[in-house]
Amino acid sequence: MSKVENNKAWWLVLPVFLLVAFSAIIPLMTVVNYSVQDIFDADHAVFVGVEWYREVLLNERLQESLVRQFIFSFTVLAIEIPLGIAVALMMPTKGPMASVSLIVVAIPLLIPGNVVGTIWKIFGRADVGLLGWGLNQLGIDYNYAANPLDAWVTVVIMDVWHWTPLVALLCYSGLRAIPDAFYQAAAIDRASKWAVFRYIQLPRLKSVLVIGTLLRFMDSFMIYSEPFVLTGGGPGSSTTFLRQTLTKMAIGQFDLGPAAAFSLIYFLIVLLVSWLFFTTISEMDKDK
């Protein structure tokens, strides 16, 4: 006797599909439509095909922003992932201090990006900011508003301070999920702390590290409010990233066609790099 399938449950999923279509697919199709037209006003538009894509790909300013964006994303990942693991390993797992440490570590994550930019803008000033004043007292000529290198380093440190707790909390949850039997076996074998980390903790952290790295890459690749508030993209264009360039193009210059084409290329870059990274990590796990 064949089993009768009840498909009524799909009606429960239908509102979700409609919500996704309304909030994602329809706006995406609108952007695609804009990217192939030269828009003069609400009633006048001319079909231009892939002209805006060609213009965007050959734009030197956008190419510089793209290179700058990749350098920034990989720099913060190279710092935040190892630092997050180290913080998670040092956090207590039992007693009242475990709860206190979780709260303290999570505090930066609760602060909005524009507020983070404002905090570091004041913190780095040489006249009233503790960081700027302290560095100048040590004889270091620090000025993030005038020196491109100082601005770049400040933006990187600001992002590390803001988002390393996310990696730390993910790693902490992964460490707490490791059964005590693994540690007991390591103690019987008199394994060193490095051996415990290398052969027990790190392999168990791979899944959360993949999630953390993907989240941090996508978020860092779309950074906007923090550097915009801190430096306004300057000095010059040293901290002008892709989202700032896109915003200036769409809102400041009102070039809707090129901005739409650029936003789609931007979206595809994030999607492609994330897919490549995830595929590479998955293949490495299969080989092992």
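Val229 is found in helix α11 of this predicted model, helices being DSSP runs of H or I with at least four residues, numbered from the N terminus. Residues are numbered from 1 along each chain as its sequence is written. The model is predicted, and local features need pLDDT of at least 70, side-chain atom pairs count only at pLDDT 80 or more, and totals for chains, interfaces and linings use all residues; side-chain values use heavy atoms, with hydrogens and water left out.

With a relative accessible area of 22%, Val229 is partly exposed, a class lying between buried (under 20%) and exposed (over 50%), as computed with a 1.4 Å probe on protein chains only. When neighbours within four places in sequence are left aside, Val229 is in contact (heavy atoms within 4.5 Å) with Asn114, Gly117, Thr118 and Lys121. A distance of 17 Å separates the C-alpha atoms of Val229 and Phe72, which are 157 residues apart along the chain.

Phe72 belongs to a core of 16 residues that also includes Tyr142, Val156 and Phe241. A nonpolar core is here a set of buried Ala, Val, Leu, Ile, Met, Phe, Trp, Tyr and Cys residues joined through side-chain atoms within 4.5 Å. The largest such core has 36 residues, and Cys171, Phe221 and Phe262 have the most contacts inside it. Helix α13 provides the largest share, eight residues. Beyond its neighbours within four places in sequence, Phe262 is in contact with Val56, Leu62, Leu242, Thr245, Leu246 and Met249.

Val273 also lies in helix α13. Its contacts, again leaving aside neighbours within four places in sequence, are with Phe70 and Phe217. The C-alpha atoms of Val273 and Ser192 are separated by 37 Å, at a spacing of 81 residues along the chain.

Arg216 lies in helix α10 and counts as buried because its relative accessibility is 1%. The side chain of Arg216 makes a polar contact with the side chain of Asp159 at 2.7 Å; such a contact is a pair of N or O atoms within 3.5 Å, of which, within protein, one must be able to donate a hydrogen and the other to accept it, while residues adjacent in sequence count only if both atoms are side-chain atoms. Outside four places in sequence, Arg216 is in contact with Leu77, Glu80, Asp159, Trp163, Leu166 and Val167.

Arg190, by contrast, counts as exposed because its relative accessibility is 78%. Arg190 is found in the loop between α8 (180-188) and α9, and has a positive phi of about 55 degrees although it is not a glycine. Another backbone feature is the cis peptide bond from Gly234 to Pro235, with omega near 0 degrees. Pro235 lies in the loop between α11 (225-230) and α12.

The lining of the second largest pocket includes Ala88, Lys94, Tyr172, Arg176, Asp180 and Gln201. Helices α3, α7 and α8 each supply at least two residues of this lining, and α7 contributes the largest share, three residues.

Notes. On a 1 Å grid over the protein atoms alone, a cavity is a set of points where a 1.4 Å probe fits but cannot get out, and a pocket is an open set with protein on both sides within 12 Å along at least five of seven lines; lining residues have an atom within 4 Å of a point.
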